[in-house]
Amino acid sequence: MGECVFCRIIAGELPATIVYQDDKVMAFRDIHPVAPTHVLIVSREHIPDLRAPEAADRDLMAAVAKAIRLIAEKEGLLAEGFRVVSNTGVKAGQSVFHLHFHLLGGRELGALG
Ligand code: AMP
């Protein structure tokens, strides 16, 4: 866990542009954005991905949903829409093994896949 880049951001050991936080989640801008809005919503607790039982926590998922709504509103995305993705496992393209949700918007995102 000491090596986890998102744990280090949450601990304040690495810089990040934080756009939202509460007691369950922290949200900051992706260092390699692929859309005008590319924010990562990250659990404060170190949970590897959505397959972990801890990821199904009701309060955590409520916090994620609230963060999505508030950030999308702040970024001006409510009218045009946005995409939320959580890559789960290597085959899905996950590269940081700490539960997170990409919030993407501000351009035509096209089809998934
Ligand atoms: P994933 O590949 O789905 O696991 O997403 C991990 C994301 O974390 C990638 O989009 C990276 O660009 C992003 N990322 C990695 N390190 C940092 C960092 N220090 N600050 C912000 N975003 C990061």
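1. A molecule sits in a pocket if more than half of its atoms lie within 2 Å of the pocket's grid points. By that test, the ligand here sits in the largest pocket.

2. A word on provenance. This is a predicted model, in which local features need pLDDT of at least 70 and side-chain atom pairs count only at pLDDT 80 or more, while totals for chains, interfaces and linings use all residues. Residues are numbered from 1 along each chain as its sequence is written, and side-chain values use heavy atoms, with hydrogens and water left out.

3. On the overall fold, the chain has two helices and five strands, in the order α-β-β-β-α-β-β from the N terminus. Helices (H or I, at least four residues) and strands (E, at least two) are DSSP runs, numbered from the N terminus.

4. Now the shell. The ligand is surrounded by 16 residues, and the closest are Asp30, Asn87, Ser95, Val96 and His102; a residue qualifies if one of its heavy atoms lies within 4 Å of the molecule. Three elements, α1 (5-10), β2 (25-29) and β5 (100-105), each supply at least two residues of this shell. The largest share, three residues, comes from α1.

5. A polar side-chain atom of Asn87 lies 2.8 Å from an oxygen atom of the ligand. Backbone takes part too: a polar backbone atom of Val96 is 2.9 Å from a ligand oxygen atom, and one of Ile31 is 3.1 Å from a ligand nitrogen atom. The protein covers 84% of the 500 Å² of accessible area that the ligand has on its own, with areas from the Shrake-Rupley method and a 1.4 Å probe.

Technical notes
A polar contact is a pair of N or O atoms within 3.5 Å; within protein, one must be able to donate a hydrogen and the other to accept it, and residues adjacent in sequence count only if both atoms are side-chain atoms. On a 1 Å grid over the protein atoms alone, a cavity is a set of points where a 1.4 Å probe fits but cannot get out, and a pocket is an open set with protein on both sides within 12 Å along at least five of seven lines; lining residues have an atom within 4 Å of a point.
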